[in-house]
Amino acid sequence: MHGLRVAFGARTVVHDVDLTFAAGTLTAIVGPNACGKSTLLRAMARILRPTRGAVILQGADVASLSTKEVARRLGLLPQAPTAPGGVTVADLVRRGRFPHQGRFRQWSEQDEHAVQTALEHTGLGGLERRLLDELSGGQRQRAWLAMALAQEADILLLDEPTTFLDLPHQHEVLDVLEDLRRARGTTIVAVLHDLNQAGAYAQQVVAMRDGSVVAQGTPHEILTEAVIADVYGMAVRVVPNPVDGTPLIVPIRKGGPRWPVNKTSRQNL
Amino acid sequence: MTASNGPRPVSAIRPRGLVRLGPLTVAIPPRVLLVALALGAAALASAVGSLFVGEVSLGPSEVLAALSGEGPRQNVFLLQSVRLPRALAGVVIGATLGLSGAVFQVLARNPLASPDVVGVQSGAAAGAVLVILSGTAAAGRVSTAAMTGGLIAAIIVGGVSRLRRAFGDQELVVGIGVAALFEAFVAYTLVRADTADLVRATVWLSGSLVNVEPATVRAGTVAIVLAAVPIVVLARSLGATALGVDLARVLGVRVGAVRATVGVGAVVAAAAATSVGGPIPFVALAAPHLGRLLARSPGTSLAVSAATGAALLALADLIVRLVAPTVALPVGLLTALTGAPLLFVLVLRRDTVR
């Protein structure tokens, strides 16, 4: 992605962003609400036309590729997708095969295999005939993820895939992404609000503020007290996660801690 | 994880109703096919039945003879110039309104969208009334004026919406406003009309299929078929937009081009249908709902909706002719009287309706 700029009318939402996403890695885009994360994602998915710059997909400018070619290489899970009523899990996941089908080639062995694999990856085997509306929030999100996986794109963009889910379901979704990255080498770019999840699952973190990339690098480079103070205007402590050593972000409440803390940690505040 | 892992039976994954013909594979859900065929048959049966009944009831041999140009001259005229065009018009207009209504609801992603809501029929009414009141009320000219009025209304709606990049529901709101403007115009012109013109205008406005003429049916059908071609060709892509604009785009649909082409097709088809039969209410709005409820398929099947519209209108016209053969009862009255209760029954019997 080179010098990407996206504007709506006179209002520039994303300023001159330069980013590279290595194949087979997960990049987390973080930043406060309305900082241009979703806009950046939609420009990358070729939904929005950048006013300047280009999105380069495997060596080719996406603007020069046909909509269908992009669709075979790049998948997207929007923030709050909606399906028509009465759709079953299998119906939904099959729709991910659309770019691989034609008017007179509406189903093939590859379609069957891709749908099968997507359902297995997301742990939805056995729920194929259930209505989407009947599923729990976590299952529904995995069904949407399965639809995106059935597309068999090398690159997967996800806009807040864990928002609105409870803690176990958030990690189910992130574990699916981790498996996918390792097993298929899928390049994943996800907008995440939970910085701890970004630290635990991402290889690259991109921090945005007011439509610009403030910092990019490994989780240990980006998820620091200084960068977070700069991006969110908020004081935090970053400590090593006791489970796996990834950065753990602990917000410092205004007015100081409610309970006594030992002197050394107070000095560090 | 809540579900078992391991390979699943393919029957759970495959779309239903796969038909393989050499290299071609098409998926036609059996229930959708069955409902479309049954409703299509009902529409044709009603149309054939309506050839026999009316002010004069005719037997099968008389109808067959008259259709092939034999027998009493008044019978030949009655069949070839009145009843056959009217029966065909019922099927064609019904199917067109059903198709157009389904396209509108898919495009707007709103179950209340239909060509009559956004003013296509009001625009057509304004055009027709204007010509009728100017005195030269040849059927062809009224029909052309109606078609033009319908298209002008749609162009105003589209133009105003594009000015501010309004889509979906906002476009519907603009359409409701445009419809109200044209209706006010019609009401104002009727107040100022003299009695003879007023009667003719009222008959046209009642959408009773009475003013159907062979020439207008022919011209209208040609326009409708031309308008329906892009809709049929792009039906699969249109179906993919049911997941939302962003996902459709990422799945490889050129959303803007598809929506514009299909939308223009639906508007032209609805305007042409109205130009032949007058403004027939309710069919375009209700047929997609009835079709969805009968076919129990996710999303909207254009074929089922068209077949539902045809059956609804043809059946209503048959009933009108049976019940009140001497009165020009507006067929729209019957489509509402039969369609609305059916809609209630189907909605009440099903718990998941959207």
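## A chat about chains A and B

Me: Let's start in chain A. How many bridges join strand E8 to E9(A), and which way do the two run?
Reply: Strand E8 (residues 155-159) of chain A is joined to E9(A) by 5 bridges, and the two run parallel. One spot to look for is Leu156(A), which stands opposite Ile188(A) in E9(A). Keep in mind as we go that this is a predicted model.

Me: Good to know. What about strand E3 of chain A and E9(A), how many bridges join them?
Reply: There are 4 bridges between strand E3 (residues 26-30) of chain A and E9(A), and these run parallel. Within that pairing, Thr27(A) has Val189(A) in E9(A) as its bridge partner.

Me: Is E9(A) covered or open, then, and how many of its residues are buried?
Reply: Strand E9 covers residues 187-191 of chain A and is mostly covered, with 5 of its 5 residues buried.

Me: Which residues sit on each side of E9(A)?
Reply: On one side are Thr187(A), Val189(A) and Val191(A), and on the other are Ile188(A) and Ala190(A).

Me: Where does Glu160(A) sit?
Reply: Glu160(A) is in the loop between E8 and helix H6 (167-184) of chain A. Its phi is near 50 degrees, a positive value in a residue other than glycine.

Me: Why is Glu160(A) called buried?
Reply: Glu160(A) counts as buried because 20 other C-beta atoms lie within 10 Å, and the cut-off for buried is 20 or more.

Me: Can you zoom out? How many helices and strands does chain A have?
Reply: Chain A has 10 helices and 13 strands. Of its 269 residues, 43% are buried. Looking at contacts in chain A with a separation of 6 or more, 64% are between residues 24 or more positions apart.

Me: Over to chain B. What does H3(B) look like from end to end?
Reply: H3(B) has 36 residues and reaches 50 Å from its first C-alpha to its last, close to the 52 Å expected at 1.5 Å a residue. There is a kink of about 35 degrees, centred on Leu79(B).

Me: And how many residues of H3(B) are buried?
Reply: In H3(B), 26 of the 36 residues are buried, so the helix is mostly covered.

Me: What does Ser100(B) touch?
Reply: Leaving out residues up to four places away in sequence, Ser100(B) touches Pro115(B), Ala266(B), Ala269(B), Ala270(B) and Ala284(B).

Me: Where is Phe282(B)?
Reply: Phe282(B) lies in the loop between helix H11 (255-277) and helix H12 (283-295) of chain B. Its phi is positive, about 80 degrees, although Phe282(B) is not a glycine. Phe282(B) is also buried, because 24 other C-beta atoms lie within 10 Å.

Me: New topic: what do strand E1 and E2(B) form?
Reply: E1(B) and E2(B) form a hairpin with 2 residues between them, and Gly22(B) in the turn has a positive phi of about 60 degrees. Strand E1 (residues 18-21) of chain B pairs with E2(B) in the antiparallel sense over 4 bridges. Leu18(B), for instance, has Ala27(B) as its bridge partner in E2(B).

Me: How many residues does each chain bring to the contact?
Reply: Chain B brings 36 residues and chain A brings 44. On the chain B side, strand E2 (24-27), helix H9 (235-240) and helix H10 (245-250) each supply at least two residues. By class, that side of chain B has 20 nonpolar, 9 polar and 7 charged residues.

Me: What ipTM and pTM does the predictor give the complex?
Reply: The complex gets an ipTM of 0.85 and a pTM of 0.87. Chain B averages a pLDDT of 88, and 94% of the residues score at least 70.

Me: Where in chain B is the pLDDT below 50?
Reply: That is residues 1-5 of chain B, a stretch with 12 contacts in the model beyond near neighbours in sequence. Where pLDDT is low, the predicted coordinates should not be read in detail.

How values were computed
Residues numbered from 1 in each chain as written. Chains lettered and ligands numbered in written order. Predicted model: local features only at pLDDT ≥ 70, side-chain atom pairs only at ≥ 80, totals over all residues. Contact = placed C-beta atoms within 7 Å. Buried ≥ 20, exposed ≤ 12 C-beta atoms within 10 Å, placed from the backbone. Expected span 1.5 Å × (residues − 1). Bend = angle between axes of the 7 residues up to and from the residue. Nonpolar A, V, L, I, M, F, W, Y, C, P; charged D, E, K, R; others polar. pLDDT = per-residue confidence, 0-100. Pairing = 2+ DSSP bridges.
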